[in-house]
Amino acid sequence: MSRFAVIGLSNFGASIAKALFERGHEVIVLDRNDNLVKTAQPYCSYGLVGEATDQTLLNSLQVETLDAVFVCMGDSMADSILTTLLLRDFKARKIVAKIISEEHGRILLKVGAHEVVFPERDMAMRVATYVSSPTIMDYLDLSPEYAVQEVAPPQRFVGKTLAETGIRRDFGVNVIGIKDVLRDSINLNPEAQYTIKDSDVLIVIGRRENLSRLTQSK
């Protein structure tokens, strides 16, 4: 069992706390709003009411003993920056912060956040990807340039081996796995001589523009 703290019970913060707690982890929540902390009681180990920028209160969490601290301060950019700075001073092992803009993210990374999350942007990109490319089954951001996608193979790939499709040569992407949806099985790092079936789903990694070309291919 790992131990986490979630600071700020915005919709995102509350969802993170609940997901971690339901997976069997110890979760401490902190928010200035007493009602939000009371609402979170069913899915946290214990909750605290107060200002995250209160150094005495924040230090009482003993963040250096936690596996990670999530800073989810809603739209309060100033408070999230100061809280992140204090967490760094208190030797937090890992700080994951919710951001509201790219500029906000750059500041938080400079003052001590190890990772930043931009939920609105990330969800918008996922929705836009699904809507514009119906052949995509699932999608995972790796960076602004790279992603992993589950893609239904173009019809002209069916019956050919991976080598014969020329997928790496023509599209600049790599097939890292193949899922057979009928057998509910997965073949990781498939060989070049694997023959693609119409029940297969390709798990591919590459640059976004190359993945987009593949999903638009017939």
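Because the model is predicted, local features are given only at pLDDT of at least 70 and side-chain atom pairs only at pLDDT 80 or more, whereas totals for chains, interfaces and linings use all residues. Residues are numbered from 1 along each chain as its sequence is written, and side-chain values use heavy atoms, with hydrogens and water left out.

The chain holds 9 helices and 11 strands; helices (H or I, at least four residues) and strands (E, at least two) are DSSP runs, numbered from the N terminus. Of the 218 residues in the chain, 44% are buried. Here buried means under 20% relative accessible area, exposed means over 50%, and partly exposed lies in between (1.4 Å probe, protein chains only). Contacts are defined by heavy atoms within 4.5 Å. Among contacts between residues at least 6 apart in sequence, 53% join residues at least 24 apart.

An open sheet is formed by 6 strands in the order β3-β2-β1-β4-β5-β6, with parallel pairing; two strands pair if DSSP finds at least two bridges between them. The edges are taken by β3 and β6 (115-117), each of which has a single partner strand, so one side of each is left without a neighbour in the sheet. On average, neighbouring strands of this sheet are turned by 15° against each other, direction ignored. Such angles are taken between N-to-C directions and run from 0 to 180 degrees, the axes being lines fitted to C-alpha atoms, for helices over the stretch in contact.

Within this sheet, strand β5 (residues 95-98) runs parallel to strand β4 (residues 68-71), to which 3 bridges join it. The bridge partners in β5 include I95 for V69 and A97 for V71. The pairing of β5 with β6 is also in the parallel sense and extends over 3 bridges, with E115 of β6 as the bridge partner of V96. Both faces of β5 are covered, I95 and A97 on one side and V96 and K98 on the other all being buried. Helix α5 lies across β5 and β6 and runs at about 160° to β6.

Helix α5 also packs against helix α4. Two packed helices are described by the angle between their axes and the distance between the axes. The axes of α4 (residues 77-89) and α5 (residues 102-111) come within 9 Å and cross at roughly 20°. This angle makes α4 roughly parallel to α5, since angles under 35 degrees count as roughly parallel, over 145 as roughly antiparallel, 65 to 115 as roughly perpendicular and the rest as oblique. The contact involves M77, S80, I81, T84, L85 and R88 of α4 together with H104, I107, L108 and V111 of α5. By class, these comprise 6 nonpolar, 3 polar and 1 charged residues; Ala, Val, Leu, Ile, Met, Phe, Trp, Tyr, Cys and Pro count as nonpolar, Asp, Glu, Lys and Arg as charged, and the others, Gly among them, as polar.

S80, in helix α4, counts as buried because its relative accessibility is 1%. Neighbours within four places in sequence aside, S80 is in contact with V71, M73, H104 and L108. Between S80 and T53, which are 27 residues apart in sequence, the C-alpha to C-alpha distance is 8.5 Å.

C44 is placed in the loop between α2 (34-40) and β3 (46-49). With a relative accessibility of 5%, C44 is likewise counted as buried. Residues up to four places away in sequence not counted, C44 touches F21, V27 and V29. C44 and A14 are separated by 30 residues in sequence and by 9.6 Å in space, C-alpha to C-alpha.

Antiparallel pairing is found at strand β11 (residues 200-207). Strand β8 (residues 146-151) is joined to β11 by 6 bridges and runs antiparallel to it, with A147 opposite G206. Strand β9 (residues 174-180) is likewise antiparallel to β11 and joined to it by 6 bridges; in this pair D180 stands opposite D200. Of the 8 residues of β11, 6 are buried, so the strand is largely enclosed by the rest of the structure.
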